[in-house]
Each structure stands twice: as structure tokens, then as C-alpha cells.
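Subject: Structure handover

Hello,

Here is the structure I promised you. Please open it next to this email and follow along.

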Amino acid sequence: MSDMPFVPVIPAGGAGTRLWPLSRSTHPKFLLDLTGSGSSLLQQTLARLAPLADRPPVIVTGSGHAHAVQQQVAEAGVSAQVLTEPTPRNSMPAIALAAAVAEREEPTAVIGSFAADHLIADTQGFAESVRAARRAAELGHLVTLGIQPTHPATGFGYIEQAPASDGHGAEGGGAGDPTQRQLRAAGARPVVRFVEKPDAALAEEFLTTGRFLWNAGMFVVGAGVLLDALAEQIPPLAAGVRAIAAARGTAQEREVMERLWPTLTSIAIDHALAEPLAAAGRVAVVPASFDWDDVGDFAALARQLRAREGTRKEVGVRRDGSDVQVLGTARVDAVDSRATVYGATHRHVALVGLDGVSVVDTEDVLLVLADDHAQDVGTMVGRLPQAGLDHLR
């Protein structure tokens, strides 16, 4: 075992509004079994990380979800620390708090941050990529996992990696530097820059170059390295989480958390650390080829269910001339339709002549949407309070 133990960190937050009404503010998507696998996305994440961990994972979640998270951890039969954030402060404070707790317990710990709500079927490929990222992180870098793009997606951010060659047979990205040679030997490459979600033309250009990877928001880094770098960029944030971690287990724990947490800068890790450190040449990426989906909307979920066709038991489904996927208890009869049905009730659902539609039938909401407008569901959720329907969020 390395003298730099690996501690998985799982930020479990976000409302998942584009999967409403399956995902609600009180029961978000990471607590759901979205593909009929028998395990929630959080439980699948725990299972993927268990063989890689030297210490129990640290889950950071909101106070409203802590009990459900602890319950699912117990059901999964694993051990985990659950840290509760009083209010959402974006990804950087959550990850930094977990890093501070890990650093206090294991000063040399390497943490790996992996969202609780992603789908990854290729667990072996995932493990190989994480091990490569860990090797690179032990060299002192902030390391991210970049997903090999399969199409010019406009819904993801991108990572530009240094070219493998400068055109004269020599490796680019400062390969003459011993540290860079070690980095490449570990299976990683220097990062040139992070790019926000591009338009279609720019995404197509990125795909053509072969240098750009999807940013899946997965980071591996020494806990102390992360906090020291954060102290350079946003000193009060680094000092705040270290003070909260130092107070854990003492009589002042609650008071320190309630006093300091609201003062911490609400910012994403990409903006707080990844982008400025990349500009300084301190970020590396492991190009990963495993399948990955953040299941961001019903169109993505429909793709996943079709990919898993035949692995789920469906009852009471007729598809005369149709391509219909069903998740849940609904009875479905379809004629000449291409659709996905998520049925939480025992209602009979009849579909005739529909193309590219998702039907979400819950006890209190019926949603019917065209899959090519799946990104717009969040807009509808935003209207609920104005209509006096905040209880449906």
C-alpha cells in the first residue's frame, strides 16, 4: 500500500431539475435507481470506488439528504463518512471540506472527487484511469479524468491536453522536463486549458483536433496540495474548511460549522482551482475511454435505457410496431411509437403515433416531453413557485 492513502470523495448534491418529476429537491437523482439496476446512482458510485479506496469514502451532502444518504450507505453494506453542509455552497467548498477532513486524519492522503450521480458501466476501465490519475497526483499535480468524446457535444465543458508531439518527433508539453516525463509515464498529460460549453461549430472543431476531452468533473489530488493551492487562490476558503475540520469531534464542532460555512466563497472547483492552475502548468489529465454519462436529462436517460434493453424485466408492455422502453410499474400499450415511459403508478399508458417522446407518470405529476427539448424541463421547474406549486419541486 502507498504511504499516500487514497480517499474517495463523493459530492452528493444538486437538484437534477432536468429529470423532474423523477428527481425532486427532497429526493434528487443521486438517490434514484434510474436504469432499473437495483441500486441508486450513489450506491453504484460507492461500489465502483470500493476496490480503489484505502480509507472509507467521504460523502458530502446537504442537511436535507443526510438521512437518506446514510440509509443508502447502510443498505449498500459499506462504511463511509457523511459530512453535512448546512447550505449549498457549490463544488469547491464541498470538496475542500472533505480534503480538510482527509488531511487532518491522513496528512499525506490523496483524494479523488467523483460525483454521486454519474453512470459508468466499464468499472475496470474506470479503475485503470483512477489508478493512473493517482500516480500523477502523487507527483504533486491536480489531475482530472478527461472522457474521450464520441460526438461534438455542446452540453459538456472540454479539456485541452498538450499535444503528444511537437511535429518533429519530440513530445510536446515540456516533455524535456523530468517531471513531465514522469507525468506521461504515469499515463497523464499536461492540461493546456479548460473550456466552457461550446457552440456546435466549436465543438465540431474540438473533435477534429483530437486534443480535446470532455470535462466530467472528476479530480484526483493530494489533500494538502489542493488546500495549499486553494490558500493561494482563495485564502479564506482554505482557512475556513481547515478550521471546520479541526473542530470535528469537539464541543465547538457545530458552532464553528454554523459560523464559518456561510462565509465560504460559493464557487465551482473548475473556476476556483482547475482553470488558474492549468494556466500555471499545474494540472494534468488522464485521457479515459470508459463509457460515461452524467444522465443530465431525459434524452440522456432514454439513451441509457435503450443501451440496457433486455437487462430489465418489463411487465405488461406491448410494442406493436414500436420502440418503447419502460422503467417502473406502468402498463404500456404502444402502436407505431418511439418513446420512453417512466411509470411510478399502476395507470395504463397508451401511446399512438408518437416519435421521440418521454412520458413521466408519478402520483402527483404527469410530464410529457419531446426528447429534443429535454434541456427545457428546468425552465418548467423554475415556474412552479410562481404557480403556487413549490411543493412539487
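A word on terms before the notes: Ala, Val, Leu, Ile, Met, Phe, Trp, Tyr, Cys and Pro count as nonpolar. Asp, Glu, Lys and Arg count as charged, and the others, Gly among them, as polar. Keep in mind that this is a predicted model.

The cavity

A search of the whole structure turns up one cavity of 30 Å³ or more. The largest cavity holds about 30 Å³ of space. Its lining consists of Arg48, Phe114, Ala115, His118, Ile120, Phe126 and Met218. By class, that lining has five nonpolar residues, one polar and one charged.

The second largest pocket

This pocket has a volume of about 220 Å³. Which elements supply at least two residues each to its lining? They are strand E3 (81-85), helix H3 (91-105) and helix H9 (253-260). H9 gives the largest share, four residues. The lining is made up of Val82, Leu83, Thr84, Pro86, Leu97, Val101, Ile244, Arg248, Glu253, Arg254, Met257 and Glu258. By class, seven of these residues are nonpolar, one is polar and four are charged.

Helices H7 and H8

Next, look at helix H7 (residues 223-233) and helix H8 (residues 235-247). Their axes come within 5 Å and cross at roughly 140°. H7 is therefore oblique to H8; an angle has to be over 145 degrees to count as roughly antiparallel. On the H7 side, the contact is made by Gly224, Leu227, Asp228, Leu230, Ala231 and Gln233. On the H8 side, Pro235, Leu237, Ala238, Val241 and Arg242 take part. The residues of this contact divide into seven nonpolar, two polar and two charged.

The open sheet

Four strands form an open sheet, in the order E11-E13-E15-E16. The pairing is mixed. Why is one side of E11 and of E16 left without a neighbour in the sheet? Strand E11 (323-328) and strand E16 (366-370) stand at the edges, each with a single partner strand, so one side of each has no neighbour there. From one strand to the next, the twist averages 10°.

Strand E15 (residues 355-361) pairs with E16 in the antiparallel sense, over five bridges.

Helix H11 (residues 298-307) lies across E11, strand E13 (338-343), E15 and E16. H11 runs at about 95° to E13.

Two spots in the backbone

Most residues other than glycine have a negative phi, and most peptide bonds are trans. Two places in this model depart from that.

- Trp20 and Pro21 are joined by a cis peptide bond, with omega at about 10°. Pro21 is found in the loop between strand E1 (6-12) and helix H1 (41-49).
- Val295 has a phi near 45°, a positive value in a residue other than glycine. Val295 is found in the loop between strand E9 (283-288) and H11.

Best wishes

Conventions. Residues numbered from 1 in each chain as written. Predicted model: local features only at pLDDT ≥ 70, side-chain atom pairs only at ≥ 80, totals over all residues. Heavy atoms only, no water. 1 Å grid on protein atoms, 1.4 Å probe; cavity = no way out; pocket = protein on both sides within 12 Å on 5 of 7 lines; lining within 4 Å. Points joined across faces, edges and corners; volume = space filled by probe spheres on them. Axes fitted to C-alpha atoms, helices over the stretch in contact; angles between N-to-C directions. Parallel < 35°, antiparallel > 145°, perpendicular 65-115°, else oblique. Contact = heavy atoms within 4.5 Å. Pairing = 2+ DSSP bridges.
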